[in-house]
Amino acid sequence: MGNADTKLHFRKAVIQLTTKTQPVEASDDAFWDQFWADTSTTVQDVFALVPAAEIRAVREESPSNLATLCYKAVERLVQGADSGCPSEKERQTVLNCTRLLTRILPYIFEDADWRGFFWSTVPGAGRSGRLDEDGDEDEARPLAESLLLAIADLLFCPDFTAQSHKKNNQDSAEDIRSIDSCEYIWEAGVGFAQSPPLNYVHDLNRTELLKLLLTCLSEAMYLPPSSEKRNLNPWVSFFCSSENRHALPLFTSLLNVVCAYDPVGYGIPYNHLLFSDHREQLVEQAVQILIVTLEHEAGSAASAALQALDTSASAVEEQEPAGPDNLFVNYLSRIHREEDLSFILKGLARLMNNPLVQTYLPHSSKRIQFHQELLILFWKFCDFNKKFLFFVLKSSDVLDVLVPILFSLNDVRADQSRVGLMHIGVFILLLLSGERNFGVRLNKPYALRVPMDIPVFTGTHADLLILIFHKIITGGHQRLQPLFDCLLTIIVNISPYLKSLSMLAANKLLHLLEAFSTPWFLFSSRQNHHLVFFLLEVFNNIIQYQFDGNCNLVYAIIRKRNVFHQLANLTSDAASIQKALQRKKKSGISRSNSTETETMEGSRPAGPAEPGMLKASLAATPGIDKITEKSQVSLDGTMVTVPHLNSTQTPADSSAEAAVSDTESNSERDHEVSLAESEAARSRLSSVSSSAAWSASTDWVSSWKTKLPLQTIMRLLQVLVPQVEKICIDKGLTDESEILKFLHHGTLVGLLPVPHPILIRKYQANAGTAMWFRTYMWGVIYLRNVDPPIWYDTDIRLFEIQRI
């Protein structure tokens, strides 16, 4: 009964607050204490007992009461942080205030008039404990700052959120302000060697405080999308500034808790069935706090990362003020010790592989749900810390990250509600593919047998990547079309290093060329011919640089030689163009379907998302020309940035570039809306222009057809086709293994054109991708926080929430 009574008292207090028309005095402690004095209200209770409509009613009709409630709750948190919460009653008060503020803050943010409230100083704030104590300087501190500092203090409170180091229980109040929180880091790992004993009460308390912190940082959700560079979140800026004395231990605690987490639990399968795991919730909140706090302008992050890379450790310490003001980004960009980088990579890879472990031993470990946040965190590490990126690519450990990403891409390709997960996976692979080592590592044989709906093959990780990309292009849904250029760019980037493609992967590449080079497809959009250029560049790279080991691909090219001949002889008079487009209308095949009538092995039609699910909309993804810059690989393996349209470009590049430049004048204001996808218009490439104003013409086709890089392939066919035919006739061969053996021992030295320079398209951060990441990240966080539903039914402006 006691529990019901406390809930009743709490509900009565809420009703009193909403019905009082007169302002309640801040000094009326008897009234305000009703909101946080009860000992048994959970966060779910608070959300149930404080309905949204009543918060909005107080906001509109009794604004001073809502202001006082927020101020008093923050004041209690500040007092709790000052005293160190020595008693159980004080701890309960802190938790109750935390839950109440978590409930109320989104309704403060959704109203533009209230948004500045927490950044104003409250009249008479000097009366509150700590503010009075520290004199005038803190008297003018805005409420938001007091709240964030109190949360940071409380996250390192001995016996509340951290393991006490005292042998006895005389943890005196005055000690709390002088403790070194670096000694109270939550988990061993980067920069901290001791692993404190697990304490589920501490984990639960940390989780509640982090939930409030995440709510504080979520003001970004209530502002419309903007790609302005100065669009900084003031809550993040202050919390990650030097004003927060706990910035370093908190960053370290969050990072170590995430990277040390083992869902299997002590490595014993099925262990989670024996006892509950309170750490998972904490890890989930920790990874969400990390990805939110690590957001700021890309330019300064990149310069900080490069500075950390080029400078010795001691010099970095001397240049402390340089780099980004955001200390979390600063700390991340400075991690450089091998053991720290190894700890982070192993931890992230272990968690990313969690869904794959499930497929080997069903239900053997907890299935983590925060894989999207992990991918964002991995992305930020690679983007902000170049030492980490090089460490990842230095060994085959990169494959421990690649396989789960490919698994996820294959898993979600037909699910329209998870298109964001597809994008982040492809962006990570694009970033990695800009480095030579990535292509080299892909030659490692693929021995794992992760259950995926792709044909069984014997080959390398490169084969796996090509098979999955082929599956996405031919068996995904239409909203993935903007990613085709990205997927093929990744294959182009790795192609000069692929030592031996399997027959299956070679056939899939030829099948893509066959599908993309049909006349109706080439003539139906001004962008489509770029896909043919990318594929021809892949074949040229492999023939010029890896001919010896790639007899399977050479044989596939010989077998499909008619595709290349048809491409070279593509007719482009007005009548032919019209005829090809008429054929498209009859067939009704979209860009993502193949020209072959038979079903692809293992492919499945794009299915709708599960009914009743919510999904968050995404910002448009910029075109491939906007998110990459070309680098030429010199003889010693170093990369040199290639300026646009210069003489060193291959025909493929100059023509693709010329074709892109046709559309660049319109790129900022127009989006192509293809025939069958009005609903996908939001995610179209921003570099394409309106199809309504454009139609294929003879001159347009000629402008790129003459630049098709077919010379190398035509020369290969000219030399090898007669030789293969002669062997088949002379020896009466019908077995392709003999032909492959002949091709394997053949050579084209001196017969091919001079090798072209290797061109790599490296990912380049820009405002468009920064905006995409911001909307995606907050969309994921919104949808993942359902217990309690912190932002549900509030007026979100950053993205749209759609019920499927």
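Is Ala 568 buried, partly exposed or exposed? Select Ala 568 in the viewer to begin the tour. The model on screen is a predicted one. Ala 568 has a relative accessible area of 32%, so this residue counts as partly exposed; buried would mean under 20%, and exposed over 50%. The residue belongs to helix α30.

**Stop 1: salt bridges**

The structure contains 30 salt bridges.

Select Asp 33 and Arg 76 and show their side chains. They form a salt bridge, with N and O 2.9 Å apart. Asp 33 sits in the loop between α2 (29-32) and α3 (43-49), while Arg 76 is in helix α5 (residues 63-83), so the pair links distant parts of the chain, 43 residues apart. Asp 33 is partly exposed, at 25% relative accessible area. Arg 76 is also partly exposed, at 23%.

Next, select Arg 56 and Glu 110. Their closest N and O atoms are 2.7 Å apart, in a salt bridge. Arg 56 is in helix α4 (residues 52-61), and Glu 110 is in the loop between α6 (88-109) and α7 (129-133).

Now move to Glu 514 and Lys 560. Their side chains meet in a salt bridge, at 3.3 Å from N to O. Glu 514 is partly exposed, with a relative accessible area of 22%. Lys 560 is partly exposed as well, at 25%.

**Stop 2: pairs of helices**

Two packed helices are described by the angle between their axes and the distance between the axes.

Select residues 371-384, which make helix α19, and residues 419-433, which make helix α22. How far apart are their axes? The distance is 10 Å, and the helices pack at an angle of about 25 degrees. Angles under 35 degrees count as roughly parallel, so α19 and α22 are roughly parallel to each other. The crossing of α19 past α22 is left-handed.

For the second pair, select residues 279-293 (helix α13) and residues 767-784 (helix α37). Their axes are 11 Å apart, and the packing angle is about 155 degrees. Angles over 145 degrees count as roughly antiparallel, so α13 is roughly antiparallel to α37. Here again, α13 passes α37 in a left-handed crossing.

**Stop 3: a nonpolar patch**

Select Tyr 200, Val 201 and Leu 204, and show the surface. These residues make a nonpolar surface patch of about 260 Å². Leu 204 is located in helix α10 (residues 200-217). With 31% relative accessibility, Leu 204 is counted as partly exposed.

**Stop 4: backbone details**

Most residues other than glycine have a negative phi, and most peptide bonds are trans. The next selections show exceptions.

Select Cys 85, in the loop between α5 and α6. Cys 85 is not a glycine, but its phi is positive, at about 50 degrees. Its relative accessible area is 0%, so Cys 85 is buried.

Then select Asp 159, in the loop between α9 (143-154) and α10. What is its phi? The value is near 70 degrees, which is positive in a residue other than glycine. Asp 159 is partly exposed, with a relative accessible area of 32%.

Finish at Asp 787 and Pro 788. The peptide bond joining them is cis, with omega about 0 degrees. Pro 788 is in the loop between α37 and β5 (801-803).

Methods
Residues are numbered from 1 along each chain as its sequence is written. This is a predicted model: local features need pLDDT of at least 70, side-chain atom pairs count only at pLDDT 80 or more; totals for chains, interfaces and linings use all residues. Side-chain values use heavy atoms; hydrogens and water are left out. Patches are made of residues with over 30% relative accessible area and no salt bridge: like charges are joined within 9 Å, nonpolar side chains (Val, Leu, Ile, Met, Phe, Trp, Tyr) within 5 Å. Accessible areas come from the Shrake-Rupley method with a 1.4 Å probe; for residues, only the protein chains shown count as cover. A salt bridge is a side-chain nitrogen of Lys or Arg within 4 Å of a carboxyl oxygen of Asp or Glu. Helices (H or I, at least four residues) and strands (E, at least two) are DSSP runs, numbered from the N terminus. Buried means under 20% relative accessible area, exposed over 50%, partly exposed in between (1.4 Å probe, protein chains only). Axes are lines fitted to C-alpha atoms, for helices over the stretch in contact, and angles run from 0 to 180 degrees between N-to-C directions. Angles under 35 degrees count as roughly parallel, over 145 as roughly antiparallel, 65 to 115 as roughly perpendicular and the rest as oblique. A crossing is left-handed if the near helix is turned anticlockwise from the far one by less than a right angle, and right-handed if clockwise.
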